[in-house]
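Q: Please take a close look at one strand in the sheet of this protein. Describe its surroundings, its partners and what follows it along the chain.

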Amino acid sequence: MSDMDDEVAENTALIQRLRVWGRSLPARLADLVAPPRCLACGDEVVATAALCPQCWAKITFIEEPVCAVMGLPLDFDQGEGAVSGAALANPPDWDRARGAVVFDDHSRPLIHALKYHDRMEVAPFMAGAMARAGRRLLAEADVLVPVPLHRWRLWWRRFNQSAVLAQRLGEATGRPVEVLALRRVKRTRSQVGLSQAERETNVARAFAVADPEAFRGRRVVLVDDVLTTGATANACARTLKRAGAARVDVLVFGLVVTARRPHIDDEE
Ligand SMILES: [Zn+2]
């Protein structure tokens, strides 16, 4: 087998193992002895809820009108296809991005719960909100592709939160999900604390397609948990477009909407 085959086989085995694990055994045992808690404030919640009603009400869902390219809320409705100044000034390589909620102190606990704490029960809520925000993108998609983690990071994290969300969205929409078709070939350092330019350099040429023909002429929805500066999504979009993708849209749960981006540590 080639190195690439080896790596794909290794990734596949990992993912299968992780699917079986799901939530860790300690987390499952903890559920038996302690009631479920709100991810944000720690109050008791009913078994399947991730947030208490008070914290739920603080989540800011992103509603139309939004910038057709960046998904950022627009102050007033400028009609179909309106594009923000930010998108005109610095056009990304993707076609359309949509986010379900504003990434802020209230949505961050949900994102971190899935990403860092094995709380798989938040995935249905996150994917449900994404399906709503991205309904048009999903309706026009040929394939869903999660932003990949490098296999070492996958090993450490144990699962790729973006793949979990993509699989949920695939189940909900009937669209195929390609977890291994886009690969992270360069082990990039974490984007924590990097400027926009540094992030772009960090992720340049970090991604590759496993099969050069896999995306030719296809409309792709790239799935991630958050979109901050967009450097990672843009590098993925560029790779997919070079591989012949007809369209690359980006669908995330949390979208950073402020010009200032203090303490953003959620994009890799
Ligand atoms: Zn709460």
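A: Strand S5 is largely enclosed by the rest of the structure, because 8 of its 9 residues are buried. A residue is called buried if 20 or more other C-beta atoms lie within 10 Å of its own, exposed if 12 or fewer do, and partly exposed in between, with C-beta atoms placed from the backbone. The model is a predicted one, in which local features need pLDDT of at least 70 and side-chain atom pairs count only at pLDDT 80 or more, while totals for chains, interfaces and linings use all residues. Residues are numbered from 1 along each chain as its sequence is written.

The protein has 11 helices and 6 strands. Both kinds of element are DSSP runs numbered from the N terminus, helices being H or I of at least four residues and strands E of at least two. Of the 268 residues in the protein, 39% are buried.

From S5 the chain crosses through H11 to S6, and this β-α-β crossover is right-handed. That term applies if, with the strands pointing away from the viewer, the path from the first strand over the helix to the second runs clockwise. Thr229 lies in the loop between S5 and H11. With 19 other C-beta atoms within 10 Å, Thr229 is partly exposed. Its C-alpha is 9.0 Å from that of Ser195, although Thr229 and Ser195 are 34 residues apart in sequence.

Two strands count as paired if DSSP finds at least two bridges between them. S5 (residues 219–227) and S6 (residues 247–255) pair in the parallel sense over 8 bridges, and Arg219 stands opposite Arg247 in S6. S2 and S5 are joined in parallel by 4 bridges, with Val223 in S5 as the bridge partner of Pro146.

S1 runs parallel to S6, joined by 6 bridges, and Ala97 stands opposite Val250 in S6. S1 is mostly covered, with 6 of its 7 residues buried.

The largest nonpolar core has 69 residues, and those touching the most other members are Met126, Met130, Leu165, Val220, Leu222, Val223 and Phe253. Helix H6 (residues 123–133) gives the largest share of this core, 7 residues. A nonpolar core is a set of buried Ala, Val, Leu, Ile, Met, Phe, Trp, Tyr and Cys residues joined through C-beta atoms within 7 Å. Leaving aside neighbours within four places in sequence, Met126 is in contact with Leu110, Leu114, Leu165 and Phe253, where contact means that C-beta atoms, placed from the backbone, lie within 7 Å.

Terms used. Two residues are in contact if their C-beta atoms, placed from the backbone, lie within 7 Å.
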